[in-house]
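Here's a quick briefing to read alongside the structure. Have a look at the fold below, then work through the notes by topic.

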Amino acid sequence: VSGAIQRVVIAGGTPVAWLAAAALRRAFRHRDLHVTVIDSGGGKDAPAGRWTLPSQRGMHGLVGINERDLMRRTGATFKLASEHLGWHGAGSGFLHAHGDIGSDLGATPFYKYLLLQAITGRPENPEHYSLAAVAARLGRFARPMGSDAELTSSFTYAFHLDESSYIAYLREHAARLGVHRIAGDIVDVARAESGNLDALTVASGERIAGDYFIDCTGADAPVMNKIARGGRDDWTPWLPCDRMISALTPPLADAAPLTRITATDAGWLWRAPLAQAALAGYVFSSAHLEERAALVQLEQSVPGLQVSALNRFASGRRQKFWERNCIALGTAAVELEPLAGADLHLALLGIGTLLELFPLDTHSQVESVEYNRIMGEHADALRDFTIAHYRAGRARPGEFWDATRSVPPPPSLAAKLDLYSANGRIVLADHESFEETDWAWLLMGAGRYPDSIEAQIQTRLEKITLAELAPLRARIQQLAASMPPHIEYVRRQSEQAQHAKS
Amino acid sequence: MAEPLKVVIVGGGTAGWMTAAALAAVFRADQCKVHLIESSEIGIVGVGEATLPHIRFFNRRIGIDEPDLMAKTQATFKLGIEFCDWARLGDSYIHPFGAYGSRIAGVPFHHYWLRERAANGAAPIEDYSLAIMAARLNRFALPSDDPTAVLATFGYAFQFDASLYAAYLRVFAETRGVQRTDAKIQDVLLRGEDGWIESVKLENGSTVAGDLFIDCSGFRGLLIEQALKTGYDEWTRWLPCDRAAAVPCENAGPLTPYTRATAREAGWQWRIPLQHRTGNGYVYSSQFISDDEATSKLMSRLPGKALADPRLLRFTAGRRRKTWNRNCVAIGLAGGFLEPLESTSIHLIQIAITQLTDYLSGESLRGHFDPRIVDAYNRWIEMEYDRVRDFLILHYHATERDDAPIWNYCRSMDVPDSLKHKMELFRHRARVVTYKDGLFLEPSWLAVYFGQRIMPTAYDPLADAVASADLTSRLRAVQERIQFAVMQMPTHEDFLERYCSAGKATTAQGRM
C-alpha cells in the first residue's frame, strides 16, 4: 500500500509511551514496524507510584511481559480492592473489590438480592459474598484458579507499582522487542505541507521523522497541540481536586492487598503497599488547601515520608484524541484523578483501540472519527464513575465536599443514578469499562439503595432465605483464610521467579 | 395490601396479546390487573409473520412450550432472510442468524476472508456460515449446546401465522386472569388537572378506567396520538415505502427455512412459507406505483394459487416522539412503523414489553410514573428504533440498480450521519461498527454489506500476522466442517414433521 505507516514516533518516557511502543511493535512484527520512543523522562506529572486495574494484565499479556518477573524486578504488590474510608462521614467505609458479589441466581445478578434485602430493611454487607473482599480484609492473597464456575476464579486482581521501577522495566522490555530509544527533550515539532506532522527534533539537534505520532508526554502535549484543532471539556466543576502529592514510604505494618483511600476535608489520602516499601499520596483541591499545608498533613499522617512528587492537573479531556497523523494518550488526552484507577486504564484502552484501528495510511481519517467516538464514550463513562464516588452517597460536610456537589451531575450520570434509585437497574453505555458489579460495589458501598427492584426479579428472589446462603459465606471465609498472607505470597513468588531465572 | 395496578390495553392483535400475556406471566394478580379491549369488527394487521431469534427468549421468559406454539401457529423454522435482486438484478444473498467463521488471534474472521480472497481467491463468504449453507439446502436442526461445536454457530426464529400467535397468547393470557372485552372505543377521557388518561368510553356505553393505558391500536394510535397528540417523527425520506398489499397463497415447492425479500420496481415483495400456506406481500412506495398496479404485480408473481383477495395497508415509516407519554405506552404499530424487511416488527414489540415490565416496579406499580423512569424508557426505545432504521436504510441505499426511479432515488439519497460513518468505515477497512445494545450484531451487518456489494478496499492490517499457507488451510477447514455438519442435518420438512407438525396439534387449549 502506498503511504502505509512505516515509522511511528512516540514522544514521552511514561509507562503509557513504553506500553504503546511495545504493543505496536509486537502487533506489527510481521511487517517490522519501526517504532521510536523519544524518551524525555517520565514527565513532570509523574507520580511516585500508582495502583492499577485488572485490565493492565491484559496489556502486559499482549506485549509479552512475564508477570512474576515484572513483580520481582519492580517490587510490585497485588491489589484485590480499594478501601474507601470516611467518604460518607466519620467512621464510614466500604470496599470496591475486583471480583464478583455472590454468583448469579439464574439470569439475575446476585447484587439484586442484596438490594432487595436492603429495601426490606435487612441490609447486608456485600463483602461477605466476595472472596476478593474477604481475602483483602484478611490481608491474604492467592491468584484465581479453577474453572469459571468456581468460587476460586470469582475474582481478578491488579497491582500497586513504584513508578520509576515500572518505567525502567517497561523501557527494557520495549528495547528487547526492538523499540528504538532516543533520549532528550523535544525542542521542535515540524509539520509537512499537507498539515500532517512530519518530524520531531530533540535537544541534541537530531531530527526524527515519522509517518504517525503518539504524544504521551503529559498534559502539555507539545506534539499533539502542534496540530490539534479540537477543544477541551472541562470537568473541574464536578472534580475540583487539582493536585496530587505522592511519595515512597517505609513498608506498611499491615500490607493488605488493597489501596486505602481516606476522605479528608480537602480531598483524599491514599496508601498502598509495595514489596519492600509503600506508597502514600494526597489528592486535594488547591482552592481548599494550600500545597504546603497539604504536604504537612500528609507527613503527619504518614511517618517516614521520603521523596515526594507534586502533580498539578485540571480534570478534563480533549474532545478529539486523534487528529490527522497524531494521537494523544495518557494525560495528554485525559486528566482525571486516579480515584478509580481509571487514568492508566483509559490509556491502555486507547492503545488497544489504536491497534484495532491502526491507520492504513498517513491520510486516512475515518479511523480517527471512530477512535474519537469510542474513546470519548469511554472517557466520559470513567469520569462518571469517578464523580459517582463523590455524589452517590450521603454528603460529607465541609466546603470542599459542598464544592463537589455545587453543579448538577453530567446528564449521563444523572440518568444512571436516577434509574438505579427508582428500580435498581444499572444501565451501561456501549463503551463503558466498569461493569454492573463495579457500580454495585460503589453504590451499595455509598449506602445508596433503590426504592424498588424489577418486580419479576423480586418475586424470584423473595424465595431465597439467608440460611440458604450461609454455606456460600462460610466457604468464602474458609477459602480466604486458607490463602497465604499477602506479602508472604509476594516474597515466595519473587524467590521462585529468581530461581527460574538462574 | 395496595390495590393492583390497573392496566388497560387497547387493541388485540400481536402487540396487544403479547403485552397482555407478558404482564400476566410476570406479575402476580395482587400487583397488576390487565383488561384488554379489542373489537372483533376491526381486523388485525398481523404483520411480522417472520420473526427474529430473540422471540425465543420472550417465549421462554413467559413460559411457552415451543413445539406446542409452533404446531398451533402453523410455524416453520427460520435461519435467515434471502434478499433477491437488491444490489443488482439476479443477485441473491442470505442474512443468516449466525456467524461467519470465528475470530483468529482476536481479529474477526471476515478480515482473513478478504485477505485470502485478494491473494488466492477464497470461496464465497456464504460458505463460511452454517446457517446459510443449511438454508440453501433446506435443512434444519436445533443448535448444539456445546459452544465449541460448529453446530452452535447459529440461531433460529420462526415463521408463523401472526393471527394464530395472537390467538395462542390470548388463551395463555385469559387463563392467567386477563379480562377481555369485545367492543369499539368511542372516546378517550383525559383528566383535567394533568391530561393523563382517566378512562376509555366504549360503544356499548360502559367506561373502563385504568392507571396505565397501553396503546396497541395500530397505526392510528388511538390513545398516544389521537388523544394525547404526542407527535411522530417521519422517516419517509429514507424509507419511502408507505403501502403494502398482502395475500396468502398455496404452498409450492419445499418449505424453505428462510424468508425471501425480493426487490421490485417500486419496493419489495415478501414470501414467508408456513406449514399450511405461504404469506406474500408487496411493500411499495405510492410515489412510484399505483395501488392497482402494485396489487396486480403482486398477484401475477405469487408462487402458488391465491387463497384470498389482497389486503391493502397504509403506513408512514417513523417513530412516535415518545412511546411512553403520561400514563400511556404505545406498543407495536402505535409506537412506530418500520417496514418488515428485516422482520423487526414483533421484535420491537418484544423490546418494548421487556423494558416496560422491568420498569414497572415500586412506585410505578402503584401508578406513579416517575418522569425519570419514563425518560429512560423512551431513550431506550428511541435507540432501538434508530438502530434498526439505519440498518434498513442500508438495504435501499447500497444498490447499483438504475432500472427504476425508486432505486435511483434511494441510491443517491442523503442518509443519516450515523449510517454514513458506518458505511465509510466498512468500505475503508472492513470494520463493522458494533454496539452493546441494539438489535443487529456484526454478522448481520456483514451479510448486508457484502450482499449489497459494498466491498471493502482493505482489511484490518492485524490480519496479516497469520502465515499465508496456514490461512489457506484454516479457511478450508472451516468450510469443510460446515459442509460436513450440514449434510448431517435433516431436511427442514422432516424436522418440522417430528418437532411440531400442525397436523399433530392438540386442541387449542390443549397443553396450556
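The largest nonpolar core here runs to 308 residues, and those with the most contacts inside it are A:Ile10, A:Ile214, A:Trp268, B:Trp86, B:Ile331 and B:Tyr396. Its largest share, 14 residues, comes from helix H11 (residues 371-397) of chain B. Keep in mind that this is a predicted model.

**Cores**

- There's also a second, separate core of 19 residues, with B:Val8, B:Phe213, B:Leu222 and B:Leu223 among them.
- In soluble globular proteins, nonpolar side chains tend to be buried together.

**Helix H12 of chain A**

- H12 covers residues 411-423 of chain A, so that's 13 residues, and the distance from first C-alpha to last is 18 Å, close to the 18 Å expected at 1.5 Å a residue.
- Its buried residues are A:Leu413, A:Lys416, A:Leu417, A:Leu419, A:Tyr420, A:Ser421, A:Ala422 and A:Asn423.
- What covers them? From chain A, the cover includes helix H4 (111-119), helix H10 (366-391) and helix H13 (436-445).
- Just after H12(A) comes A:Gly424, with a positive phi of about 75 degrees.

**An open sheet in chain B**

- Seven strands of chain B form an open sheet with mixed pairing, in the order S5-S4-S14-S15-S16-S13-S17.
- The edges are strand S5 (92-96) and strand S17 (311-314), each of which pairs on one side only.
- From one strand to the next, the twist averages 20 degrees.
- Within chain B, strand S13 (residues 243-249) and strand S16 (residues 278-284) run antiparallel and are joined by 7 bridges.
- On that pairing, B:Arg243 stands opposite B:Tyr284 in S16(B).

- B:Asn138 isn't a glycine, yet its phi is positive at about 55 degrees.
- You'll find B:Asn138 in the loop of chain B between helix H5 (130-136) and strand S6 (157-159).
- Is B:Asn138 buried or exposed? It counts as buried because its relative accessibility is 16%, below the 20% cut-off.
- B:Lys229, also not a glycine, has a positive phi near 50 degrees.
- B:Lys229 sits in the chain B loop between helix H7 (222-227) and strand S12 (232-234).
- With a relative accessible area of 61%, B:Lys229 is exposed.

Technical notes:
Residues numbered from 1 in each chain as written. Chains lettered and ligands numbered in written order. Predicted model: local features only at pLDDT ≥ 70, side-chain atom pairs only at ≥ 80, totals over all residues. Heavy atoms only, no water. Helix = DSSP H or I, 4+ residues; strand = E, 2+ residues; numbered from the N terminus. Buried < 20%, exposed > 50% of the residue type's maximum accessible area, 1.4 Å probe, protein only. Pairing = 2+ DSSP bridges. Axes fitted to C-alpha atoms, helices over the stretch in contact; angles between N-to-C directions. Core = buried A, V, L, I, M, F, W, Y, C linked by side-chain atoms within 4.5 Å. Contact = heavy atoms within 4.5 Å.
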